[in-house]
Amino acid sequence: MSLYRDEGVVLRTQKLGEADRIVTILAKRTGKIRAVAKGVRRTTSRFGARLEPFTHVDLQLHTGRTLDVVTQAETIRPYGEALAADYPRYTAGSAMLETADRLTHGEKEPALRQFLLLVGGLRTLADRGHEARLVLDAYFLRSLAVAGYAPALDACAKCQAPAIRAFAIVAGGVVCGACKPACAAVPASETIGLMSALLRGDWATADASEPRHRSECSGLVAAYLQWHLEHGIRSLRHVEREPA
């Protein structure tokens with residue numbers, strides 16, 4: 001039996017048999033792990049509540065043939081407790097977990113930067129320092145950047161011209177008039193500025209943005225994310241947007 005230890009965030013769970021669960025975890029060193037937590041659905045379980053989605057947990061596991069097995073679990077921070085009573089923050093956090101799961105494709109492939117972004121995003125949501133949808137959009141943009149899909153926001157994605165006319169998902173970001181495809185959106189310049197601020201972590205600019213620009217930004221970021229994932233984020237349908 002090969003034992004190992006790591007810390008991670010529980011992304012999702014599913015029932016297995018009468019009392020067990022399969023937990024999917026994004027771990028700091030190991031990457032994405034799918035493991036069996038035996039007996040966690042029993043009321044007498046020692047660590048059932050520690051293996052719920054949103055929980056940042058320290059784990060000991062042993063390697064199995066198909067799925068690893070959780071043998072110990074200690075809570076580092078239960079982000080679910082801080083988010084559960086706040087619907088906008090809870091749904092934003094759910095979208096973060098789903099996105100982290102989608103962006104980390106292979107199991108046990110190290111994804112340290114994605115792990116750190118997820119922990120930072122959940123912490124920012126729980127600390128309530130910024131509007132929930134801004135935090136979510138910042139997380140989307142930064143996680144896409146780590147995955148190699150950062151949108152071009154300062155110059156045309158096709159020809160690098162500085163004159164920006166539109167935002168084209170298929171082109172990879174902002175485009176000039178000459179490169180603008182028919183399907184491109186034409187957002188306000190303040191919306192592009194907000195996207196840029198969220199990508200670089202300029203919270204002073206982001207917090208001062210107007211609701212209509214936040215709403216427009218959210219729509220573009222969500223569409224851009226799902227285009228590159230080639231899959232919809234189901235949690236997004238429940239996320240509350242800023243009114244236009």
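How much space lies in the largest pocket? The model is predicted, and in it the largest pocket holds about 320 Å³ of space.

**Lining of the largest pocket**
- The lining consists of 13 residues, and those nearest the pocket centre are Leu11, Arg12, Glu98, Asp101 and Arg234.
- Two elements, strand S1 (3-16) and H2, each give two or more residues to this lining.
- H2 supplies the largest share of the lining, namely 6 residues.
- By residue class, the lining comprises 5 nonpolar, 3 polar and 5 charged residues.

**Glu98**
- Glu98 belongs to helix H2, which covers residues 87-103.
- Glu98 has a relative accessible area of 11%, under the 20% cut-off, and therefore counts as buried.
- The Glu98 side chain reaches the backbone nitrogen of Arg234 at 2.9 Å.
- Leaving aside residues up to four places away in sequence, Glu98 touches Gly232, Ile233, Arg234 and Ser235.

**Helix H3**
- The buried residues of H3 are Gln114, Phe115, Leu117, Leu118, Val119, Gly121, Leu122, Leu125 and Ala126.
- Arg128 follows H3 and has a positive phi, near 60°.

Note on methods
Residues are numbered from 1 along each chain as its sequence is written. This is a predicted model: local features need pLDDT of at least 70, side-chain atom pairs count only at pLDDT 80 or more; totals for chains, interfaces and linings use all residues. Side-chain values use heavy atoms; hydrogens and water are left out. Helices (H or I, at least four residues) and strands (E, at least two) are DSSP runs, numbered from the N terminus. Buried means under 20% relative accessible area, exposed over 50%, partly exposed in between (1.4 Å probe, protein chains only). A polar contact is a pair of N or O atoms within 3.5 Å; within protein, one must be able to donate a hydrogen and the other to accept it, and residues adjacent in sequence count only if both atoms are side-chain atoms. Contact means heavy atoms within 4.5 Å. On a 1 Å grid over the protein atoms alone, a cavity is a set of points where a 1.4 Å probe fits but cannot get out, and a pocket is an open set with protein on both sides within 12 Å along at least five of seven lines; lining residues have an atom within 4 Å of a point. Grid points are joined across faces, edges and corners, and a volume is the space filled by probe spheres set on the points. Ala, Val, Leu, Ile, Met, Phe, Trp, Tyr, Cys and Pro count as nonpolar, Asp, Glu, Lys and Arg as charged, and the others, Gly among them, as polar.
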